[in-house]
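Visitor: Could you walk me through this one slowly? I would like to see it first and then ask about its parts.

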Amino acid sequence: MAMLFIDNSGITDPRLNLAFEEYCLRNLDPQHDYLLLYINEPAVIIGRSQNAFQEIDHAFVRQKEIHVVRRISGGGAVYHDHGNLNFSFITKYEKSNILNFKKITAPVIKALQGLGVPAELSERNNIFAFGMKISGMAQYSTKKSIVSHGTLLFDVEMQDLARALKGKVEQTDSRGVPSVRSRVTNICEHLVGYMDMDTFKNSIQDSIFAPYGGMREKKLTDKDWKDIHLLSKEKYHAWEWNYGKSPECRIRRTARLNDCRIDLDLMVKGGIVKNIKICGDSACGNDMQGLEAVLTGRRYDLDEFKRALCSVDLQCYFWQLTPDKLANCLCGCYPEES
């Protein structure tokens, strides 16, 4: 069976690239195998069944304007930036290919070994080298096709990766699938001599297509791209998909603001605050039910909270507490009490 390469035209928007991948999975002829290679601007890509409120450092992600996007496959959260190469194999649905990561990763591992990287598949279906993780894998299938995709950490900003994925898991009770953290390393640090991302990408691509006698390309039509942009807008840009699909969770948070301790206990379902309890040791003596009622039924979202709290006289509940400070506290974007 022939394998065809599909060029993404240099797109780095992760919302568009995930739409590009899903569109190819659902619409292309399954009698061919396809390879997609693409690079995203800074983003946290969370698994289909994960809790977006649990997996990331929301203050850091917001400060650095890092995208948060949910993918259709399972697995854990990963960090992408311009130093990460993403690969996707789209193949015909066959039971023998389901979770057969040994078969799927074989051409990638061979390509890495050709560069002098002692890559191997781990028991958790990740690619390791030098005793550390350099690639994570996930998979999703329809009735006719399977997408098996992964990352290759070539020259990622490791400090940003560590911060972005530093979720406050100790404060969240969730039905979501938590990520399993591993020690990671950049491939470029272990190569003999300098190599840039373009050279690395071309090397991986050439190695994968070598058994087929070279690369053959499948070009998408203008209509294909129109449909991809529409899918990106309606799904991958949508808060309802990226955050609202998070499993039900309970979030408990404590902060000290203006010498006032505030304890928060929220139940969030479908990304919506279903119940909230607020306590504070410097409250003004008023019952918190009015404040809690304003926040109940709202999206668990920083801007949503700010808008709602602007209509509340917070001085009736806490002295010298602004809507911005309380909203930041609710979303974990404010220093918390240690």
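**Strands and a helix**

Guide: Strand β3 and strand β5 (residues 78–80) are joined by three bridges and run antiparallel. Helices (H or I, at least four residues) and strands (E, at least two) are DSSP runs, numbered from the N terminus, and two strands pair if DSSP finds at least two bridges between them. This is a predicted model, in which local features need pLDDT of at least 70, side-chain atom pairs count only at pLDDT 80 or more, and totals for chains, interfaces and linings use all residues. Residues are numbered from 1 along each chain as its sequence is written, and side-chain values use heavy atoms, with hydrogens and water left out.

Visitor: Which residue of β5 is the bridge partner of I45?
Guide: The partner of I45 there is V78.

Visitor: And in which sense do β3 and β4 pair?
Guide: β3 pairs with strand β4 (residues 67–70) in the parallel sense, over four bridges, and V44 stands opposite V68 in β4.

Visitor: Where do the side chains of β3 point, and are they buried or exposed?
Guide: In β3 (residues 43–46), A43 and I45 point one way while V44 and I46 point the other way, and all are buried, where buried means under 20% relative accessible area, exposed over 50% and partly exposed in between (1.4 Å probe, protein chains only). In a regular strand the side chains alternate between the two faces of the sheet.

Visitor: New topic: what is the order of the open sheet of three strands?
Guide: The order is β7-β8-β9, with antiparallel pairing. Its edge strands, β7 (120–121) and β9 (132–135), each pair on one side only. Strand β8 (residues 127–129) is joined to β9 by three bridges, and F128 has K133 as its bridge partner in β9.

Visitor: Now helices. Where does α4 bend?
Guide: α4 bends by about 35° at P107, the bend being the angle between axes fitted to the seven residues ending there and the seven starting there.

Visitor: Which residues of α4 are buried?
Guide: They are F101, I104, T105, V108, I109, A111 and L112. After α4 comes G116, whose phi is positive, near 90°.

Visitor: At what angle do α4 and α6 pack?
Guide: α4 and helix α6 (residues 197–209) pack at about 125°, with their axes 9 Å apart; axes are lines fitted to C-alpha atoms, for helices over the stretch in contact, and angles run from 0 to 180 degrees between N-to-C directions. The two helices are therefore oblique to each other, since angles under 35 degrees count as roughly parallel, over 145 as roughly antiparallel, 65 to 115 as roughly perpendicular and the rest as oblique.
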